[in-house]
Amino acid sequence: MARSLGELAAQFGCELVGDPQVSVESVATLSNAGTSQLSFFANPGYRDQLQVTRAAAVLVREEDAEECPVAVLVSDDPYLAYARIAAELHPPPAVIPGVHDAASIDAGANVDQSAQISANVSIDASSSVGAGVFIGPGVVIGPKCHVGSHSQIMANATLVENVVLGERCIVHPNAVIGSDGFGNVQSQGEWVKVPQIGGVRIGNDVEIGANTTIDRGSIDNTIVGDGVRLDNLIQIAHNVVIGAHSAIAAQAGIAGSTIIGERCMFAGQSGVVGHIRICDDVIVGGATVITKNIDEPGFYAGSIPGEKVRDWKRKVARFRRMDDLVKRVSELEERAKKDLSDDNGS
Amino acid sequence: MARSLGELAAQFGCELVGDPQVSVESVATLSNAGTSQLSFFANPGYRDQLQVTRAAAVLVREEDAEECPVAVLVSDDPYLAYARIAAELHPPPAVIPGVHDAASIDAGANVDQSAQISANVSIDASSSVGAGVFIGPGVVIGPKCHVGSHSQIMANATLVENVVLGERCIVHPNAVIGSDGFGNVQSQGEWVKVPQIGGVRIGNDVEIGANTTIDRGSIDNTIVGDGVRLDNLIQIAHNVVIGAHSAIAAQAGIAGSTIIGERCMFAGQSGVVGHIRICDDVIVGGATVITKNIDEPGFYAGSIPGEKVRDWKRKVARFRRMDDLVKRVSELEERAKKDLSDDNGS
Amino acid sequence: MARSLGELAAQFGCELVGDPQVSVESVATLSNAGTSQLSFFANPGYRDQLQVTRAAAVLVREEDAEECPVAVLVSDDPYLAYARIAAELHPPPAVIPGVHDAASIDAGANVDQSAQISANVSIDASSSVGAGVFIGPGVVIGPKCHVGSHSQIMANATLVENVVLGERCIVHPNAVIGSDGFGNVQSQGEWVKVPQIGGVRIGNDVEIGANTTIDRGSIDNTIVGDGVRLDNLIQIAHNVVIGAHSAIAAQAGIAGSTIIGERCMFAGQSGVVGHIRICDDVIVGGATVITKNIDEPGFYAGSIPGEKVRDWKRKVARFRRMDDLVKRVSELEERAKKDLSDDNGS
């Protein structure tokens, strides 16, 4: 979908320095872009590449424009402008209304005529699919689910039961939404299952990564707010609430009944224990474990970077013997106190 | 499935304080329960909600009964009683015997007539499915597998090969049981695959979470004991043995050939290295790494909770300079010893 | 597939001490092997079992041969020889050319006649499958993908879009290759999706574990080199490059745009931040977090093993009060300096 630089500048509010008639067909990195491609410069680490790029044009901040050897589209936030223009040049494939012959839609299921249902899809009689929805091959939609209009459920994902998904959501392959939470109670050394009867409520414009799992609530619902972004292989346990516009990176886990505020960010492999509350605008670093309520916005961390194994082992040994070190310091203090009293008494 | 309070009291051995004719239809939380719903009070943090609940009745311990404004069912373990009554009021959907038209069952597969086989299921000729089993849409059952009676395999799960599952098990969506273990041996800088020819043996009453993986044994079998509970996104490597009634929370991993005792509990994101042995009745905290045999029952931990990044960074810097601190203390000790000998010598 | 010891010795370059006419049918562990089975002895921990094995023959190093009560095949690397002989005795099932009736292959898809396509497979019109390929039940192959000859894609795995897989690869069940990377940019407190338009390029002889996710590149490709081994539940983010013959264990994660060298090894639950570079021949320990470039081959670690919770809590408390300890040591030093100047001044 080729667009002229003049059109892009007008549509996306950038100032163009260059020929408005030149057109671009696609986006590319600074180093790989050819003469019909648009690139962007946002990370100073790539300044060398900016200076020799052969792109048709580059999205840049005003202060970087002079260093660019080709046409520029000036933007306060070149990466944001890039995201929007890339979506224009590379739109997702159009939804083609219809149901594949090899789909199994139970009589009674309410599937909008404008939705696309792929091969080997299974939809329960008690569920519904909105307008313009894309359902990929192998997707399973169990009982009492609804997929909001213009959402996309990618291949082999499963909505288990009682899952209501908002509009314009994307669920990536093999994600599982609405399976039983981990509810067990002990009785004489054995586990008795606690029935999980709640559902999952997901807002609009939510993206859920591949192989991510979101459990249904134990009694009430697990809730994911509008605009939330979840990466791959994340665990969202039963009864969790995730506030709007929060983002969670891959392999993070949120344990049961925890409430996460709005606009929070969790880096990869971080974890949050159950039954706590994280306020709005909290950022949690990679591999960090959060065990208590957080009431104050800000950046929280808790992992120690790895290093050469010999150095690390010595540090761990020191850590293990810290009791001993504290004792030695206390003895020195005792002695110093005694010296002092000796001095005073002398 | 409405039940009267009188019936429930008799069936589940609770003492009823209230009208035995009142009936309840479903369970609910203390704060959301209406007049045809049963709730429970087990966590003291919800005492405020107990005092104003509008439930038909509440399961409580004897000592809390007076605070409840509505009928009570008195139980020594209200949460356990809740689990059992909730299962009575909210039974899983009945298994409807039969094979969906869109299922692909190889000739030779032995599927009990009372089992329910959903759409897009694939079952190998050499496998069998017991009485009253539910197989969800998209499930794949490879060669030499058996699903014990009254088990449920949920959507898109895969039993790869040589997997024998006990009775009354639940396998949640997209779980993978019996895929190859990670067996590789180096030869001149490249990896040679070690064939994985063992299977997986899973006991009765086992529950396996969504997107969890259990590898087949390299030669003998990977074994999961009766009554084990596995949450989502867990890795169980080849040759692992998990003792009966152990429970493992989400995103934990057990490396190859490790043997876990009975009634153990592993919190989320914990990890156990390969080739070790954990005795019965061990509890491992969240994000804890276990690297050695554990021979003594008890609670083991190993993660440091996160905190504000500035505070954390200072601690990490101190940790990194602990060598220096130890050296400074040693110098002070040397000096103190010298002072002492000077004193003695004076 | 029975083979005589004489044949195996000749084919795999081992020295046989025993009757060359004896034949073996399968492999087994030292303790379980019967008289038609071959075993191996590589781990000194199993010496007791070697001494009483009833195997037909055992693969051993020369120095261990005398301790073996049965025939031996002597090898410099018994485990490597075992891997190769096991592959001979237990070959993977033969690929049976043909397309299952319940597969959905779009017109235009280019599927080699020698490939086996199982039930409920979906292949996009713009994709191709090479000679001798096995595609398991429920696999989805989206647009612009290619599966190289003699590769195996196991049940319910998904190649999303623009994924090129080399020859002789194995993709285990429910793995997802080529789904969108986690690209988001903030605008006024909300997330704007950055279109992910790159692909994934996977070399020859690569193995990818169950439920592992490999994201497509944001603009260029995510790349996995020849001979790489990925275990289960691993996250490989967009634009990552993994050098040839590297191996990554379960639940590890590599964040976006990071470049991993050749022959690296990452233990389970380890993590690497984005936008860094790890040189060749680096080994990273379990649960270790790498946050900076590594330029020097070697072994890197960063996790502290768990221990009894009371001991651990005391250590964590010491760690938290290290500021205080440093201050106390500084005060002692100040005092010692003052004593010294007093002494000198006296």
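**Exercise 1. State which domains chain A is assigned.**

Solution. Between domain 1 of chain A and domain 2 of chain A, the C-alpha centres are 36 Å apart.

This is a predicted model, in which local features need pLDDT of at least 70, side-chain atom pairs count only at pLDDT 80 or more, and totals for chains, interfaces and linings use all residues. Residues are numbered from 1 along each chain as its sequence is written, and chains are lettered from A and ligands numbered from 1 in the order in which they are written.

**Exercise 2. Determine which residues of chain C are touched by C:Ile177.**

Solution. Take contact as C-beta atoms, placed from the backbone, within 7 Å. Leaving out residues up to four places away in sequence, C:Ile177 touches C:Leu159, C:Val160, C:Val163, C:Val171, C:Val200, C:Ile208 and C:Ile214.

**Exercise 3. Describe the side of chain C that touches chain B.**

Solution. First, count: 61 residues come from chain C and 58 residues from chain B. Next, find the elements, which are DSSP runs numbered from the N terminus (helices H or I, at least four residues; strands E, at least two). Helix H3 (78-89), strand S40 (307-308), helix H4 (309-320) and helix H5 (322-345) of chain C each give at least two residues to this side. The largest share, 7 residues, is that of H5(C).

**Exercise 4. Identify the residue that stands opposite B:Ala301.**

Solution. Strand S39 (residues 298-301) of chain B and S40(C) run antiparallel, joined by 2 bridges. In S40(C), C:Glu307 stands opposite B:Ala301.

Notes. Contact = placed C-beta atoms within 7 Å. Domains from an automatic or database assignment. Pairing = 2+ DSSP bridges.
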